[in-house]
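Subject: Structure for you to look at, with notes

Dear colleague,

I am passing on the structure we spoke about, together with some notes on what turned up in it. Please have it open while you read.

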Amino acid sequence: PTLEVSLLMDCTSSMQSWIDRAKETLIQIIDKVVKDCEEDGQLKVRISFVGYRDIKDKNRFTILPFTDDIQSVKAFINNSHASGGNDIPEDMQGGLKLCLLQDWTEEASKRVIIITDAPPHGTRYHDTSDDFPEGSPDGIELESLMQEFAQKEIEF
């Protein structure tokens with residue numbers, strides 16, 4: 001049996017004060033997941049990482065596809081840095097879409113862990129200043145994404 005965990009993290013500048021703590025937390029989560037899986041009968045663990053920023057940012061996404069090389073995941077997370085982000089909302093829709101596009105195994109137990117300090121674009125989700133008040137300019141709807149996660153039996 002396999003447990004797949006996709007770590008989705010807001011990597012914008014507003015996360016700077018939290019990013020080191022977030023990195024520590026993600027590594028603790030990884031260690032706990034691996035330990036629990038070993039105790040539960042040698043489950044295989046695969047982890048992916050999707051760092052997202054904002055729509056106008058040059059380095060909008062940072063992605064590590066699913067791997068069972070836990071040390072490489074930890075190193076990748078440790079090399080992540082906060083940058084970008086202009087308005088308060090971030091490109092959560094884009095990050096979630098890339099998370100869905102990872103190489104999920106149909107029969108695996110699937111989880112997503114999100115670490116963020118800001119809402120997605122679209123004023124229907126918040127009441128703050130937003131450069132994209134209609135939502136994702138790529139036409140990615142948060143509700144549709146969540147339906148797709150549910151259909152693929154991916155839990156949050």
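This is a predicted model: local features need pLDDT of at least 70, side-chain atom pairs count only at pLDDT 80 or more; totals for chains, interfaces and linings use all residues.

Helix packing. Helix H1, which covers residues 16-39, and helix H2 have axes that come within 10 Å and cross at roughly 170 degrees; since angles over 145 degrees count as roughly antiparallel, H1 is therefore roughly antiparallel to H2. On the H1 side the contact is made by Lys23, Leu26, Ile27, Ile30, Asp31 and Val34, and on the H2 side by Ile70, Val73, Lys74, Ile77 and Asn78.

Aromatic pairs. The structure holds 3 aromatic pairs, including one between phenylalanine 49 and phenylalanine 76, whose ring centres are 5.8 Å apart and whose planes stand at 65 degrees, so that the pair is edge-to-face. Because phenylalanine 49 lies in strand E2 (residues 44-52) and phenylalanine 76 in helix H2 (residues 70-78), this pair ties together parts that are 27 residues apart in sequence. Phenylalanine 49 is buried, with a relative accessible area of 0%, whereas phenylalanine 76, at 23% relative accessibility, counts as partly exposed.

Another of the pairs joins phenylalanine 66 and tryptophan 104, with ring centres 4.8 Å apart and planes at 70 degrees, so this pair is edge-to-face. The pair links distant parts of the chain, 38 residues apart, with phenylalanine 66 in strand E3 and tryptophan 104 in the loop between helix H3 (92-100) and strand E4 (109-115). Both phenylalanine 66 and tryptophan 104 are buried.

Threonine 67. This residue belongs to strand E3, which covers residues 61-67, and with a relative accessibility of 17% threonine 67 counts as buried. Apart from neighbours within four places in sequence, threonine 67 is in contact with Val45, Arg46, Ile47, Ser72 and Val73; of these, Val73 is also listed in the contact of H1 with H2.

Cysteines. The count of disulfides comes to 0. The closest cysteine sulfur to that of cysteine 11 is in cysteine 99, at 13 Å, which is too far for a bond, given that a disulfide requires sulfur atoms within 2.5 Å. Cysteine 11 is buried, at 0% relative accessibility, and cysteine 99 is likewise buried, with a relative accessible area of 0%.

Definitions and conventions:
Residues are numbered from 1 along each chain as its sequence is written. Side-chain values use heavy atoms; hydrogens and water are left out. Helices (H or I, at least four residues) and strands (E, at least two) are DSSP runs, numbered from the N terminus. Buried means under 20% relative accessible area, exposed over 50%, partly exposed in between (1.4 Å probe, protein chains only). Contact means heavy atoms within 4.5 Å. Rings of Phe, Tyr and Trp (its six-membered ring) pair if their centres lie within 6.5 Å; planes under 30 degrees apart count as stacked, over 60 as edge-to-face and the rest as tilted. Axes are lines fitted to C-alpha atoms, for helices over the stretch in contact, and angles run from 0 to 180 degrees between N-to-C directions. Angles under 35 degrees count as roughly parallel, over 145 as roughly antiparallel, 65 to 115 as roughly perpendicular and the rest as oblique.
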